[in-house]
Amino acid sequence: MLTLLFVPPARADPFFVQVYGRTYKVDPRYPSDELKGPKPREALQVLPADIARGPGFKPSHEQVLAEVEERTWIARSQLEDELAESSFSRKGRYAGADVAAVEPETTGSLATGAAQAREPELQMLYDRHRALNLLVRELRRSMGLPAKTPEAGFSRPKLSSEIEASYHSLGFDPLDAYYGFRRVKAAFRSGDVQLLDRVTHYPLSITRKAKRMIRNREQLVAVKDTVMSPRIREVVANTSFETVFVRDKGMMLGQGGVWITHGQSGFGLGVIDLR
């Protein structure tokens, strides 16, 4: 009788990545619910080159996660915009189709890298988003959180009872306010006016010597250098949710240079004051 010996396949060892000045262990196995592609070690090779750089202090795990989630939201949004403009959506069998409806099929070729020759920009954005999304999963897993990021795109914050009460007293949901704040912050960080359009409440009020109302994306793009000025982006970047002033109008960032206002679609950019 022939005896067969089962030899288990060699298991890849975990590897480590440095993120925002801290080091994290990464599971080498590909998530079972993701489209199959390169192994995690290979997929993470396209992470932004500066992602390992520390901020000059030892960040908490929550700060590291927030940093990566912000980058992931930017990558996801840019991927969606590029997918809508790609030949996948504009030509052939997908022409005129809803982007969300065809995305699972079109991203199949992106997952394997088959779209590189036809859509290099789209492939680059897809690869970047996949790498950041894999990294977010590993960070969340290492912190004992569910691997998948919540639908809002950002982890649920730990807000003090005082902060929650300040929003509830004005009839606002503090979590909706937080997620709106994070999206606006990420859009300014990206420097991409198309992403800023995603988080803007129109008409957007811009005040310099006089007030001007921006009513649509085309007008916003026309004043890109104004709304994305280094001064405004610095105000947004240096503001934390815990320090914003909130009133019935919404959230004030800095000394009033930027307001995130509340509307029917939730919280979004509503006012820029350059005086």
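Predicted model: local features only at pLDDT ≥ 70, side-chain atom pairs only at ≥ 80, totals over all residues.
Student: What makes Tyr-20 count as buried?

Tutor: Buried means under 20% relative accessible area, and Tyr-20 has a relative accessible area of 18%, so Tyr-20 is called buried. Tyr-20 is found in the loop between strand E1 (15–19) and strand E2 (22–26), and its phi is near 55 degrees, a positive value in a residue other than glycine. Tyr-20 also belongs to a core of 21 residues, among them Phe-15, Tyr-24 and Ala-75.

Student: Why are Arg-76 and Glu-80 said to form a salt bridge?

Tutor: The rule asks for a side-chain nitrogen of Lys or Arg within 4 Å of a carboxyl oxygen of Asp or Glu, and the closest N and O atoms of Arg-76 and Glu-80 are 3.0 Å apart, so the pair qualifies as a salt bridge. Arg-76 and Glu-80 are four residues apart in helix H2, which means that about one helical turn separates them.

Student: Why are Arg-76 and Glu-80 called partly exposed?

Tutor: Partly exposed covers what lies between the buried limit of 20% and the exposed limit of 50%; Arg-76, with a relative accessible area of 29%, and Glu-80, with 26%, are therefore both assigned to that class.

Student: What makes Glu-67 and Arg-71 a salt bridge, and are they buried or exposed?

Tutor: Their side chains meet at 3.1 Å, N to O, and the limit is 4 Å, so the term salt bridge applies to Glu-67 and Arg-71. Both residues are buried, and, being four residues apart in helix H2 (residues 61–85), they are separated by about one helical turn.

Student: How do you know that the salt bridge of Asp-81 and Arg-198 ties together parts that are apart in sequence?

Tutor: The closest N and O atoms of Asp-81 and Arg-198 are 3.0 Å apart, and Asp-81 lies in helix H2 whereas Arg-198 lies in helix H8 (residues 193–198), so the pair links parts that are 117 residues apart in sequence. Asp-81, at 22% relative accessibility, counts as partly exposed, and so does Arg-198, with 36%. Elsewhere, salt bridges that share partners join Asp-50, Glu-67, Glu-70, Arg-71 and Arg-189 into one network, and by this rule the count of salt bridges comes to 14.

Student: What makes E4 and E5 edge strands?

Tutor: The open sheet of six strands has the order E4-E3-E8-E7-E6-E5, with mixed pairing, and strand E4 (211–214) and strand E5 (245–247) each pair on one side only. The twist averages 20 degrees from one strand to the next.

Student: How do you know that E5 and E6 pair?

Tutor: Pairing requires at least two bridges found by DSSP, and E5 and strand E6 (residues 250–253) share three bridges in the antiparallel sense, so the two strands meet the criterion. Val-246 stands opposite Met-251 in E6.

Student: Which residues touch the most other members of the largest nonpolar core?

Tutor: Of its 40 residues, Tyr-167, Phe-188, Leu-196, Val-227, Phe-241, Met-251 and Ile-272 do, and the largest share of the core, nine residues, comes from helix H7 (residues 174–190). Leaving aside residues up to four places away in sequence, Phe-241 touches Leu-159, Ile-163, Tyr-167, Pro-174, Ala-177, Tyr-178, Phe-181 and Met-251.

Technical notes. Residues numbered from 1 in each chain as written. Heavy atoms only, no water. Axes fitted to C-alpha atoms, helices over the stretch in contact; angles between N-to-C directions. Core = buried A, V, L, I, M, F, W, Y, C linked by side-chain atoms within 4.5 Å. Buried < 20%, exposed > 50% of the residue type's maximum accessible area, 1.4 Å probe, protein only. Contact = heavy atoms within 4.5 Å.
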